[in-house]
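Let's take a walk through a protein model together, one piece at a time. Keep the 3D view open so that you can follow along.

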Amino acid sequence: MLLSGSEAYRPPVPTGFQEFRSALQEHRLRLLLAGRSGTGKSATGNSILQRKHFLSRLAATAVTSACATGSCRWASWDVEVLDTPDLFSPEVAQADPGFEERGRCYLLSAPGPHAVLLVTQLGRFTAQDLRAWQGVKALFGAGIAARAVVVFTRREDLEGGSLQQYVRDTDNRALRELVAECRGRCCAFDNRAADGEREAQVGELMGLVEELVRDHGGAPYTNDVYRLAQTLGGLSPEERLRRVAERLAARAPTWPLAGLWWWPKPPPGIRYKLGLAALLGALFLLYLLCRRWPEAASRRPGDRDTLLSDPEAYRPPVPTGFQESRSALQERRLRLLLAGRSGTGKSATGNSILQRKHFLSRLAATAVTSACATGSCRWASWDVEVLDTPDLFSPEVAQADPGFEERGRCYLLSAPGPHAVLLVTQLGRFTAQDLRAWQGVKALFGAGIAARAVVVFTRREDLEGGSLQQYVRDTNNRALRELVAECGGRCCAFDNPEWPTGSGRHRSGS
Ligand SMILES: Nc1nc2c(ncn2[C@@H]2O[C@H](COP(=O)(O)OP(=O)(O)OP(=O)(O)O)[C@@H](O)[C@H]2O)c(=O)[nH]1
Ligand SMILES: [Mg+2]
């Protein structure tokens, strides 16, 4: 069983002379692309093959639906690349109940991959990526870590910076641990780079793969399923698949909460203590709720701590009255407030509106903008004021801004009130963090702010000419659909360029 016996299942990495010799004889390298949906596995496969072979595009749902291979020559190697659909998330249990697709993955990579390329997007190593990595180990055995290379897509976001430094400095502990588990083997791809640059990237990856092959005496990774596949040569393809799928099914747990088998189980004694701690925690929460209920009723608007706990009481004076609309029209000033989770492109969007490099904007593992800042420009007959914000909307703001100073500055800099709040999110990446940021915006300004919100998607280029409306309509991300509906359908997309310092360019769109 995989769950309880994953150690027992750790495949013996073959280092024998026989396999080394045969690997060298065939001079073949099998590379298996793995990772969560949408990270750029197919695009990375195409970069390695140096041609558009696998279908790769931005989509709300998974693009690749079945395993597929492609091959090319690299130096003196015959390279075989296996692209995979979503085989590694907990949802695979529903999508592939009969283990057919996972069986095909095994058969197409038999007698075993020389390297597994775990593809993840630079700056976006999420819980889903971590689960995909756990899924890879669940499917192939924990020993696969000795064959894994972490491949970051969107290398261009490093803007010339060093990947090593990025990985060293990231505050994403899970990512640091993953790279350490893979013995530091990582590289970055810009899958949209020009041919020469892409070749150099492939060279870097192949250098790491060659080292792996050397370390393992030329032999591919193997385990009992691959060994079984090796013995089925004389059978029909259907029969081979049936046998492999059967073996995979026999290894998987059968109990109802199968999804939980991705997580390492603590020993029984610890489990009992965890259960007790969870129960006490729940009782304590209940107690807190009961204590706060009567308080909320007697609280007056303006109390500082009502900001987050009682947003309705703190609804800000959004100027909608006649008096204010007249003064707004008199001054012909528009105040736009940029909001959203860290790293979505708020400052870059601000720069696009201002048509110059005004706010600091770059990819980083930690938040770049640390304080509210304003910039202004003319647009048509309007004086536009843009307010860029640091991380004021995540639950962590309670620790980062305990005295409400930064949130206070945000209020003062947008007084007498913003005309629009631009909720910035990245196309194709509306995560739980984005949702929490939106809840944080409503907590800070009151739920009425939704009537002033516009959802701004960055990375418009990923639509590749497609329609944003269609993207939003077709997405299977319910939270995103609900957000856009809550904002009255107001949304638009930005492809934010890199503005040279001190630049100014005429805007091409509104
Ligand atoms: N800018 C940029 N975009 C990339 C890069 N790599 C991939 N993309 C884009 O990311 C989107 C998703 O890429 P895919 O290759 O389809 O992703 P996938 O992991 O194969 O997705 P599924 O098949 O759904 O699992 C596409 O729009 C790609 O063009 C990169 O290095 N830079
Ligand atoms: Mg794909």
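Predicted model: local features only at pLDDT ≥ 70, side-chain atom pairs only at ≥ 80, totals over all residues.

How many bridges join strand β8 (residues 373-379) to β9? There are seven, and the two strands run antiparallel.

Residues are numbered from 1 along each chain as its sequence is written, while chains are lettered from A and ligands numbered from 1 in the order in which they are written.

Now hop from β9 to strand β7. Five bridges join β7 to β9 (residues 382-388), and these strands run parallel. Strand β10 (residues 420-426) also runs parallel to β7, joined by four bridges. Leucine 336 has a bridge partner in each: valine 386 in β9 and alanine 420 in β10. Five of the seven residues of β7 (residues 333-339) are buried, so this strand is largely enclosed by the rest of the structure. Here, buried means that 20 or more other C-beta atoms, placed from the backbone, lie within 10 Å of a residue's own; exposed means 12 or fewer, and partly exposed is in between.

Helix α16 (residues 405-414) has its own buried residues: Arg407, Cys410 and Ser414. Seen down the axis of α16, they fall within an arc of 50 degrees, so they line one face of the helix. (That arc is the one of the directions from the helix axis to the C-beta atoms.) On the face turned away from that buried side, you'll find the exposed residues Glu405 and Leu412.

Next, find the open sheet of six strands, in the order β2-β3-β1-β4-β5-β6, with mixed pairing. β2 (68-74) and β6 (186-189) stand at the edges with a single partner strand each, so one side of each is left without a neighbour in the sheet. For β6, look at strand β5 (residues 148-153): four bridges join the two, which run parallel. Valine 150 has cysteine 186 as its bridge partner in β6.

Notes. Pairing = 2+ DSSP bridges.
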